[in-house]
Structure formats: C-alpha cells, structure tokens
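Here are some notes for a colleague who is opening this structure without having seen it before. They are arranged as numbered points.

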2 protein chains.
Amino acid sequence: MPDHFQLLHKDSSCPARTGMVVTPNGKIQTPIFMPVGTNATVKAMRPEDLKDAGTQIILANTYHLYLRPGHHLVSQMGGLHRFMAWDRPILTDSGGFQVYSLTDLRKITEEGVKFRSHIDGSAHLLTPELSISIQESLGADIIMCFDECPPADADRSYVESSLAMTSRWATRCKAAHTRKDQLLFGIVQGGRFNDLRLRSLHELQKTGFDGYALGGLSVGEEKQVMHDVMEACGEQLPPEYPRYIMGIGTPEDLVEAVWRGYDMFDCVMPSRNARNGMLFTSTGRVNIKCKQYEADHEPIDPECGCYVCRNYSRAYLRHLFRSGEILASMLNTHHNISWYLKLMAKMREAISLDKFTLFRKDFYHQQKKTAEYFKEEQTL
Amino acid sequence: MPDHFQLLHKDSSCPARTGMVVTPNGKIQTPIFMPVGTNATVKAMRPEDLKDAGTQIILANTYHLYLRPGHHLVSQMGGLHRFMAWDRPILTDSGGFQVYSLTDLRKITEEGVKFRSHIDGSAHLLTPELSISIQESLGADIIMCFDECPPADADRSYVESSLAMTSRWATRCKAAHTRKDQLLFGIVQGGRFNDLRLRSLHELQKTGFDGYALGGLSVGEEKQVMHDVMEACGEQLPPEYPRYIMGIGTPEDLVEAVWRGYDMFDCVMPSRNARNGMLFTSTGRVNIKCKQYEADHEPIDPECGCYVCRNYSRAYLRHLFRSGEILASMLNTHHNISWYLKLMAKMREAISLDKFTLFRKDFYHQQKKTAEYFKEEQTL
C-alpha cells in the first residue's frame, strides 16, 4: 500500500470512493476538482480567492511555463508555489497535450516532440526527460509522465503504436525522475479501444507509478465512449492508488466519473465559461448576458452561498459583463470555481453516506436547464 | 459653519489642512484621493480590495451609469451603494466633463447638452435638472453641479460666456436638488484666467453649495497655470467648506494641491496606469514590463507594505503582465491605489505635525525617477 494515498470510504451502491492524497504541501480530499492555472495564475483569481472558493489543489501547465517565464526562472524564484504565492498542492501536466494541440507546429519521434512556440515561433524539442526536468524545476507536488495523446478519430493501428511509445516514454520519465518528494503519475492512453487501454494500464503498472491517469478523453469522442473507457479501466485500476481523469469536464462528466470510481479532475470549463458569462447553478447553467436578469435582485444561485452569491445580484453581474469590466471575470470565475468545488464536496459527503447513486439521480433532476444549455453553448 | 465639514488642523508652514467630511455613508478624512469607479466598479477591484487599499470614498461617472445600466435601474436595485456592494461614501460627477469629451458628438445650448451615446449612437439631452435627477437616483453621498468645461486653449471671451452659463446652470442644479441627504458641490470654472475663476467662485457662493470644486484643470494646460489657478482660488475659497480639484492627478499634482490647501481629488491615473504596467513607488515610477525585473525577488516598493508588496515579487508581476493575465491588472491596480492612499495618509500625518512643507521637499527628493518617467510616459 502506498503511503501517499488513503482510501477512506467506498460507496456501497457504486464504485464511487472518498480518499486522501498526501503531498508535501498538504492533504487533498478526493474526489476533487483542480482549477487550471495555466500561466502560474488561475485567471482572475488571487490565491486568497482560490482558498475562499474551497480550492485544495491547482493544475499548472508545463508547456506554458517552460516557454514563459521559463522553468529555470521559476526555480530561481523559489519554485512555482513561492513564485505565485500559492502554498497548497500543485499538479503540473507534462506539456504533452499542449504540444499535440499545436497540430501544424509539431513533429513526433521516438525521441520526443519537436514543436514551435505559439508565442514567438522558436523551435524546441520536448522529450520525456526534459518534461520531467522542467516539472522538477517548477516543483509541483504531483507531476505527470510525458505521453502522446492521439486524436479521438485515430485508427486502431495508430493508437496501438502510439500507446506503445507512451509506455516507453513513461519508463524514461520514471528513470529521469530524481525529486522523490514529488508524486509521479502515469497516463493511460489507448483511445476508444478498451483492450488497448488495459494494455496501456498493464504496461504502466509494470513500471509502477504513484497514481494513474486516463488521458485522451474529452477530445471529441462520444460521451458513451468516454463512459465505456472509464468503466473498463475503472475495473482494472489498482484501488490503492489515486485515479485521475485529465481534462474533464462538465459537472455531468464529473458526476459520471466519480460514480465510476475516479478521484481527481481538471478542466478549464468553470473558469473559461465564467469569462464568457456562463455560470453554473444548482438548477442548471445561466447565461448572465440574458435580458431576463436585467433587474434581478437574486444571487446567481440562491442555494450556493459563495462569496459572489452572498454579495452581488444577477443584475449587477449582468451589468459588469455587458460593460466588459474585469470585475465580471473576477466574480464569475469566483462563483464557478466555488460552485464546482461545492459540487465535489457534496459528492464526497454523499459517498461517505453510501448515497452516491441517489445523489447522481437527484443531480440530473435538479439540472433541469442542462439540455437547454447544451443547445445554447453552440452559439456562444 | 456647515456641519458636514470639520476643519481639523491647518499646517503652520503652508495652507495645507486636514479635515473631515461627514456623509450619510461615513466620514472621510481629508486630504483624500478618490479612486474612479466609472461603471459602478473600480476596474479590477472588489469592494473588499478597495477597503484593503485604504479607500474611503470612490467616484462614479454619471454619464456612463445613465447610459448603462441606466439610473432608473440602479435606483430600482436600491441605489448605487447596494448595486455595487460598496457601503462607504460615493461621489458622482455631473456627466458634464464626459459629454464635452465627445467633441464631435455633442451640441451645447443654454438648455443643456445634446449628445450621442458612445455605446450605441442614441441621441440624448443632458440638462442641469436631468443631471441632478440622475445623481439623486444613483444616490451618491456627494453630487456635483452640471457645468461646462472649456478646453485649455479656449479664448477669454469663450471662457467668460461659458462660466456665466455654468453659474446659471449651478443655480438650476441647486433648485432641482430635492434629496437633502446628499451634499451638492459647485464647480468653479474660468480656465486659465484667474479673475474669471474668482468671478465664477463668487457667483457660486451667492447661490451657496456644500463644497467647492475646481473644474477644467489638467486638461492640457501648463503645470504653472494649474498651480496659479490653485493659488488664486485657494486664497478666496471659504475655508469652512471642502475643496475638491476634479480630475487630478499625478502624485506631484496631489502634493502641490494639498500644499495649497485643497482637500479632495480623483483621477484614473493610478488604476489606468496599473493596467498598462506602470507602478508607483516611493522612489519613482516603475515600468513592470522592463527586463531588469525579470528575476527580481523584491516587492514593487519595499517601503510600501500593501497586500501586493507583502505577497508578490516584481518578477511574478512582470510575468503576469507579459502573459496578459487578468491578475496583472488586479494586483497592479491594488498596489497603485494602495500607494496613492498611503501617500494621502502620509500627507495628513505631516500636516497634523505642521511639517507639510518639509514633507513636500522630501517627497521630491525621493521621487528620483520621476523626471525619467515623464519621458518614458510619452512612449507608453
């Protein structure tokens, strides 16, 4: 049994579970959502605001920090925690997902990925060893293996050879990892092919990591495919290690993933949608731009109770958004992150009472506007 | 003696003075600087941040709030204080300065000013009566007379007839003012002509106001002209009323105005410059973009002690600014407003010790980089 993870309770009605991840900068209650702080800041949120919103751990992007301000500078400034004045846990991704997103600017070989910076076009080679070295300089509590993330529509033969390389890269990452205070997680790839997912997991387990993540989900595949992969892997993942699904997701994705026994999640959705005026509530999404909120005295979500809901009306938030005010981004982000983290807290509570299956049913019942929202989202 | 203003102490070495303005939402220690909250928000600052920075009173813009979200809506939402969750004093300007700034979009007559909205081009007529009505709906603690603000290069005959109309408008404003819980200030115009300034003041005094402001300064005139007008009016302004110079200014402008016996000031400079990466320090301005701060562990101003200086390095602030992060605007604004308000507090302290003339000398000695900055500012 690893000593950095404690499984606290398993729901009797489903695979959902509560746990605790122990890191150098504090303990994390799982299931947990990690707000994304790409450039060493969760956009529009100070560390105090993140804490007020209930944030236990944030994610920062290796790719962005490598390019600007540079990992050597961050290290010289005392590491990422000190640089950004955040004294709770941080997880850094490997940079892999970002460089693959630069579709026209990168080339993948066994050695690593050659790419050009989105900032100044400069040429770089990111290897498993460099990714680990950067992540060690940044000094996050949890770091990730460098992996290849194939597109959702990649064919089986591509995915098969890709995951084989990802497995070899994972072994190189583990060999390169010298800072033993950091937890190193492996990333399961294999696209929509459950047998390849299990092969990937099996190979990672042979190398041995401090936690296991599913990569390459929420990249365009059908929800049913995502759920199938979650289930297939969920049955095989070693229960005594933390399980992380990268890059998800909607509140519904989080509920589905927790129901299937996953512990950690990250996504730009609550913060990015906030900046676009889309707010999460206990009865579904709200588009704060809408005329109907013009003279509305109510808080965004009367059941929420976060800093924003305690202090501001929908009418004021609508005014700020329409006026293009920075405070709109600040307050909307504060609410959405608070709301996501309250959702996670409610899920932990439900699991501890063996009521997660009931919670899931109630959640869908309450999120009445969701279907409606998914239509709206297209036009945002 | 009016009961809304107490003159606390007059410096023995110069006309500088400390005082207290009493308003429905609290007392204001003078001399004081008012951060500008144009659209019912001081850009990038929450009310809690403003309080943390030492803000006693903010200014909001009648023109902007009239157009969006509309004064009737603000009134329906319980007034400006409640709408924006700010429970300390607010001053609203009259809208006059903004409509005159719309050079190509407005026409001035005795009745008022016809203008077109900068937002949607819609046609409006702003009169002294409407300005007061809007300001009563907004519900600020201190409201301003609707005035005409001639350009700095206006000739004497234009200024003379303009100030005569401003005096008639001031009388109309006073007649229109029904909410006696609000203080109503008159605005002295007269451009660079000291005798016209005194004529304007004399006419306003005949009508009688709760405070007197100098308008039409810092509109392009030489600093010497600004100082001459301050001095000429300073000698004639009734000492038992608060004295406000609108729209200034630089830290140097504030020191010069306080030295000449003025009490209240507002300017977008600390907040706007913050968003452009220009920060105020005890040794002069800092351009946080500069390469020299790349790996600088120091706070912006080691002598400041504000929230930002206690928590963040110049290197981090430079990184945020270069990355275009919202947090850059938030932290830079927090620092600059804190710095301005600490400067005002130091001035009040110096006056209470009869040392303001010495303070002024020391201030210029410390602001070594100022001259250098004024050159840089051109190229921002």
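**Notes on the sheet, a helix pair and the chain contact**

1. Strand β11 (residues 183-188) of chain B runs parallel to strand β12 (residues 211-214) of chain B, and 4 bridges join them. Strands here are DSSP E runs of at least two residues and helices are H or I runs of at least four, numbered from the N terminus; two strands pair if DSSP finds at least two bridges between them. Phe185(B) has Gly211(B) as its bridge partner in β12(B).

2. The model is predicted: local features need pLDDT of at least 70 and side-chain atom pairs count only at pLDDT 80 or more, while totals for chains, interfaces and linings use all residues. Residues are numbered from 1 along each chain as its sequence is written, and chains are lettered from A and ligands numbered from 1 in the order in which they are written.

3. In chain B, an open sheet of 8 strands with parallel pairing has the order β4-β14-β13-β12-β11-β10-β6-β5. At its edges stand β4 (32-34) and β5 (58-60) of chain B, each with a single partner strand, so one side of each has no neighbour in the sheet. From one strand to the next, the twist averages 25 degrees.

4. The axes of α13(B) and α14(B) come within 7 Å and cross at roughly 135 degrees (axes are lines fitted to C-alpha atoms, for helices over the stretch in contact, and angles run from 0 to 180 degrees between N-to-C directions). Leu317(B), Leu320(B) and Phe321(B) of α13(B) meet Leu327(B), Ala328(B), Leu331(B) and Asn332(B) of α14(B); contact requires C-beta atoms, placed from the backbone, to lie within 7 Å. The residues of this contact divide into 6 nonpolar, 1 polar and no charged (Ala, Val, Leu, Ile, Met, Phe, Trp, Tyr, Cys and Pro count as nonpolar, Asp, Glu, Lys and Arg as charged, and the others, Gly among them, as polar).

5. What does each chain bring to the contact between chains A and B? Chain B gives 31 residues and chain A gives 31 residues. On the side of chain B that touches chain A, α3 (71-76), α4 (80-84), α13 (314-322) and α14 (326-352) each supply at least two residues. The largest share of that side, 5 residues, comes from α13(B).

6. Chain B superposes on chain A by a rotation of 180 degrees with 0.0 Å of shift along its axis (RMSD 0.0 Å), using least squares on the C-alpha atoms of residues with pLDDT of at least 70 in both. The two copies are thus related as by a two-fold rotation axis. Ile326(B) has the C-alpha nearest the axis in chain B, 3.7 Å from it.

Definitions and conventions: Two residues are in contact if their C-beta atoms, placed from the backbone, lie within 7 Å.
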